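These are my notebook entries on what I looked up in this structure. I record the sheets, the helices beside them and the surroundings of the ligand.

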Amino acid sequence: MSGPDSSSPSDVLLEVKDLHVSFTTYGGEVQAVRGVSLTLRRGETLAIVGESGCGKSVTARSLMRLLPPQTSKIRQGSIRFQGRELTGLTEKQMREIRGSAITMIFQDAMTALNPTITIGEQIMEGIIRHQKLSRSEARKQAVEMLELVGISNPESRLKQHLHQFSGGMRQRIMIAIAAVGNPSVLIADEPTTALDVTIQAQILDLFKLLQRKTGVSIIMITHDLGVVANIADRVNVMYAGKVVESGTVDEVFQHPQHPYTKGLLASMPRLDSDRNTPLQSIPGTPPDLFAPPKGCAFAARCPLAMEVCADFQPDTTSLSGGHGVACWLQDARAKQMVPPNANTFIRSAIG
Ligand code: SF4
């Protein structure tokens with residue numbers, strides 16, 4: 001569940017409501033996404049952040065219907081893009097949307113792109129397919145795209161293959177390929193995770209440049225709160241297949257309300273902190289999504305857990321400024337419950 005949303009309907013480009021996605025495995029059914037709702041507005045960057053396995057990438061791939069059809073299933077929910085419901089579209093209809101209206105960038109260009117074909121052919125293929133241009137026109141546009149993403153000598157580099165580029169340059173090429181159709185939405189799944197800090201900053205700057213030039217809306221999937229702080233306008237924090245906190249980056253980072261968000265922030269290095277102060281970590285591990293807990297999924301790790309938390313899932317409470325939190329601590333009905341059990345790590349994060 002996401003928090004409240006004050007955007008007008010005309011601002012909203014993509015709207016996901018109560019999305020449930022599961023996978024069939026030899027061990028049973030994994031409920032990877034359990035009721036996610038989110039809204040993406042025109043021209044903004046929305047970050048989805050959380051630990052590995054929290055469902056953020058599955059959510060992103062569901063939007064593009066890029067999950068394996070044999071083993072995955074959208075069990076419930078709605079995905080509306082520019083008012084059009086995507087969940088019922090055929091694969092052929094989805095192919096028209098993928099690569100033009102909504103495109104995706106992945107962590108590793110070497111597996112996402114074709115290392116045996118020149119980058120010129122790969123960029124031109126998308127231009128010819130979606131814009132129906134001639135080869136010479138497509139080539140001209142491919143050169144312009146490489147220039148835009150900061151590849152020098154683009155004419156000659158069109159003839160090269162991926163292995164002839166550095167990791168950062170490969171990400172630039174993947175961004176160029178994703179941007180050729182002038183998409184409305186760009187979904188980036190951990191696009192800077194494999195890069196060193198300097199190159200990471202350059203790639204994030206490139207996303208911002210692209211957004212300024214084209215107005216594209218971006219969904220940034222990341223486990224890195226530094227990336228969120230650098231690039232996003234709003235953030236959805238996910239835990240165990242659910243959105244537990246959402247709002248503007250300023251609001252969520254400065255006034256986190258969910259104990260999990262507080263724990264994540266407490267584990268993040270800060271420029272103004274004493275270098276001798278050890279970083280804190282969140283004890284325990286996420287729940288088994290083969291058999292998700294009946295109540296709050298964070299209860300086993302949460303030092304503020306109350307009796308109600310074990311038995312009932314919290315609703316999302318709307319705070320001011322579009323800030324939403326799914327936690328019983330925000331719910332007036334929980335006030336009569338057993339007092340929280342004080343604990344050092346969350347207590348220090350709360351301040
Ligand atoms: Fe902790 Fe309860 Fe809030 Fe879950 S609902 S985060 S267990 S206080």
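I began with helix H7, residues 167-179, which lies across E6 and strand E7 (185-189). I noted that helix H7 runs at about 170° to E6. The model I am reading is a predicted one.

I then looked up the sheet that holds these strands. Eight strands form this open sheet, and I wrote down the order E6-E7-E8-E3-E9-E10-E12-E11, with mixed pairing. Which strands stand at the edges? I found strand E6 (102-105) and strand E11 (316-318) there; each has a single partner strand, so one side of each is left without a neighbour in the sheet. With direction ignored, neighbouring strands of this sheet are turned by 20° against each other on average.

For threonine 317, I found valine 325 as the bridge partner in E12. Helix H11 (residues 259-266) also packs on this sheet, where it touches strand E9 (234-239) and strand E10 (242-248). The direction of helix H11 makes about 105° with that of E9.

Next I turned to another sheet. It is open, has four strands in the order E2-E1-E4-E5, and its pairing is antiparallel. Strand E2 (28-41) and strand E5 (84-85) have a single partner strand each, so I list both as edges, with one side of each left without a neighbour in the sheet. Between strand E1 (residues 12-25) and strand E4 (residues 72-81) I noted eight bridges in the antiparallel sense. One of the residue pairs I looked up is leucine 14 with its bridge partner in E4, phenylalanine 81. Helix H1, residues 56-64, packs on this sheet and touches E1, E2 and E4, its direction making about 110° with that of E1.

My last entry concerns the ligand. The space it takes is the second largest cavity. Among the residues surrounding the ligand I listed His258, Pro259, Phe298, Cys302, Cys309 and Trp328. How does the shell divide into nonpolar, polar and charged residues? I recorded eleven nonpolar, one polar and no charged.

Terms used. Residues numbered from 1 in each chain as written. Predicted model: local features only at pLDDT ≥ 70, side-chain atom pairs only at ≥ 80, totals over all residues. Heavy atoms only, no water. Near = heavy atom within 4 Å. 1 Å grid on protein atoms, 1.4 Å probe; cavity = no way out; pocket = protein on both sides within 12 Å on 5 of 7 lines; lining within 4 Å. Sits in = over half its atoms within 2 Å of the grid points. Nonpolar A, V, L, I, M, F, W, Y, C, P; charged D, E, K, R; others polar. Pairing = 2+ DSSP bridges. Helix = DSSP H or I, 4+ residues; strand = E, 2+ residues; numbered from the N terminus. Contact = heavy atoms within 4.5 Å. Axes fitted to C-alpha atoms, helices over the stretch in contact; angles between N-to-C directions.
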